[in-house]
Amino acid sequence: MTDPTRTIDCTHVIGPTGSLGAQTIAIKGDAIAAVTPSKSAAAEKLLAMPALVNAHDHGRAVRTSSIGADAMPLEIWINYIGLFPAVDPYLAAAMSYANSALGGAGTVMNHYTRAQGLTDLPTEVAEVARAARDVGIRAGFAVSMKDRNPLVYGDAGPLLAALPAEARREIEARLLKPPLSPQDYIKLVDDVAAAADSPHFNVQYGPNGVQWCSDELLQAIAKASERTGRRVHMHLLETKYQRAWADETYPHGVVRMLDNIGLLSPRLTLAHCTWANQYELDLLAERDVTITVNTSSNLHLHSGVAPVPQMHKSICKVAMGIDSKALDDDDDALRELRLSYLLHAGTGFDLQTTRLQALQQAVGNGRFAVTNVNDGGRIEPGAAADLLLLDWAALDNDGLRDDLDPLHVLYSRATRAHIRELIVGGRSIVTDGRVLGVDLPAVRAEVLDKMRAGMAANAGMIQALAALQPGVTKYYLDMPCC
């Protein structure tokens, strides 16, 4: 039995070369079979574009602002993540991936920096992969790896000593667990890959960041990545405090150190690089590293504005990430695309990139970083049938001109509310605000019930974090150069 062909008549299609006008897209199996000028005068009022990619995220089922983790710098905010009660990993992942799909992302990177911990990690990740498969998205999955500086970037002894005894016990029990050895971390990734890796779920090494990983761990990851061909996904220079720490710890340059140990390669994705300098960006471009810029997350956590114009000047491969912290805390990839472009495009007549280039970078570079397959961002015969269909009638509801460039309308006003359908690999996974592969309302209700019940056990930790915050604040305010 052959796969049936589906045809979609669209008023507008945004392809690799720009706005193509009214087109008929034919889908056969998981690929686009043909794109031809529409012969139907009644083409549906749809705008077709490549499905978006969220190239850096952490797979959180519930918004971090719901646990009080908001309006504070990363260095204290990150400790609040421990307030999330553990829930069934399948349900948590299904909720997170479904929210991403509703926001227009058909491909999502999950840097899994907080496991549910109800079973061993390979078993847990197999459930995460099952959730991704049920929702229908393509996923990357980076195994969290860290073995130093769990509380601050440096000696936390004086900070802990200044805490009340009860708060110190709580912090030590929840945040200062002994890490694995580098060899055990590499084996853990191998075990996770054996349990969950597939063409639609790409398991990667996930060192949390240079400030959280010893040189020995980073060296082991570089060697393992070269040996296996497995990708590496890591944070770098997200905040000014990380910049100051890196400059003191690696006086010859933190990016040069990563290059010297063999970590810089086309297999590497670096999230943020908000405080990278021009020399570092040039070196990252030379090594063909992908940089994922997380605009809204940087704004929420007061991390700064990434030097995207300088990244473009260096010809870096730039992708778009949401980092579990979209502008409205809602996984809206369309709004994130617009904000990222408007904030980083340039000023006046000196624009560093066009809207089309920004879209193709976000989708193409992001797809490669997440899946390790360089086939994203194209609407043409033979390309993967990953499409986002928007309601053109709602987008252009003023209807004053029939010659508007749909790309400009997209960047001016499109949000998740305009999504009619999300198609991934030829499969419709979202239609008119409903996720088809899982019962999201039921999943959400169960996850929230479990989390609300579990929050009662966090009273001591909430008090401990309040006691910790002044000391952490003073630690970083006293840091040289900041």
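Residues are numbered from 1 along each chain as its sequence is written, and side-chain values use heavy atoms, with hydrogens and water left out. Because the model is predicted, local features need pLDDT of at least 70 and side-chain atom pairs count only at pLDDT 80 or more, while totals for chains, interfaces and linings use all residues.

Student: How many cavities of 30 Å³ or more does a search of the whole structure find?

Tutor: A cavity is a set of points, on a 1 Å grid over the protein atoms alone, where a 1.4 Å probe fits but cannot get out, and its lining residues have an atom within 4 Å of a point. Grid points are joined across faces, edges and corners, and a volume is the space filled by probe spheres set on the points. With a threshold of 30 Å³ or more, the search of the whole structure gives a count of five.

Student: Which helix gives the largest share of the lining of the largest cavity?

Tutor: The largest cavity has a volume of about 200 Å³, and among its 15 lining residues Gly59, Arg60, Ala61, Arg114 and Gln116 lie nearest its centre. By class the lining has nine nonpolar, four polar and two charged residues, where Ala, Val, Leu, Ile, Met, Phe, Trp, Tyr, Cys and Pro count as nonpolar, Asp, Glu, Lys and Arg as charged, and the others, Gly among them, as polar. Helices (H or I, at least four residues) and strands (E, at least two) are DSSP runs numbered from the N terminus, and the largest share, three residues, comes from residues 89-102, helix H2.

Student: Which element gives the most to the lining of the second largest cavity?

Tutor: About 170 Å³ of space lies in the second largest cavity, whose 16 lining residues include Val318, Ser340, Tyr341, Ala358 and Gln361 nearest the centre. Helix H12 (308-313), strand E13 (317-320), helix H13 (333-344) and helix H14 (355-371) are the elements that give two or more residues to this lining, which divides into eleven nonpolar, five polar and no charged residues. The most, four residues, is given by H13.

Student: What is the volume of the largest pocket?

Tutor: A pocket is an open set of points with protein on both sides within 12 Å along at least five of seven lines. The largest pocket is lined by 46 residues, with Thr113, Arg114, Ala115, Ser144 and Lys146 nearest its centre, and the classes are 21 nonpolar, 13 polar and twelve charged. Helix H1 (74-77), H3, E8, helix H5 (165-175) and H6 each supply at least two residues of that lining, and the space in the pocket is about 1,400 Å³.

Student: Within what arc do the buried residues of H6 fall, seen down the axis?

Tutor: Buried means under 20% relative accessible area, exposed over 50% and partly exposed in between, with a 1.4 Å probe and protein chains only, and the buried residues of H6 are Pro182, Tyr185, Ile186, Leu188, Val189, Val192, Ala193 and Ala196. The face turned away from this buried side carries the exposed residues Gln183 and Ala194. An α-helix has 3.6 residues a turn, so residues three or four places apart point the same way. The buried residues of H6 line one face because their directions, taken from the helix axis to the C-beta atoms, fall within an arc of 155 degrees.

Student: Is Cys273 buried or exposed?

Tutor: Cys273 lies in the loop between strand E11 (268-272) and helix H10 (278-286), and its phi is near 55 degrees, a positive value in a residue other than glycine. With a relative accessible area of 0%, Cys273 is buried.

Student: How far apart in space are Leu102 and Ala417, C-alpha to C-alpha?

Tutor: Leu102 is placed in helix H2 and, at 12% relative accessibility, counts as buried. Leaving aside neighbours within four places in sequence, Leu102 is in contact (heavy atoms within 4.5 Å) with Arg416, Ile419, Val430, Gly433, Arg434, Val435 and Leu440. Although Leu102 and Ala417 are 315 residues apart in sequence, their separation in space is 9.0 Å.
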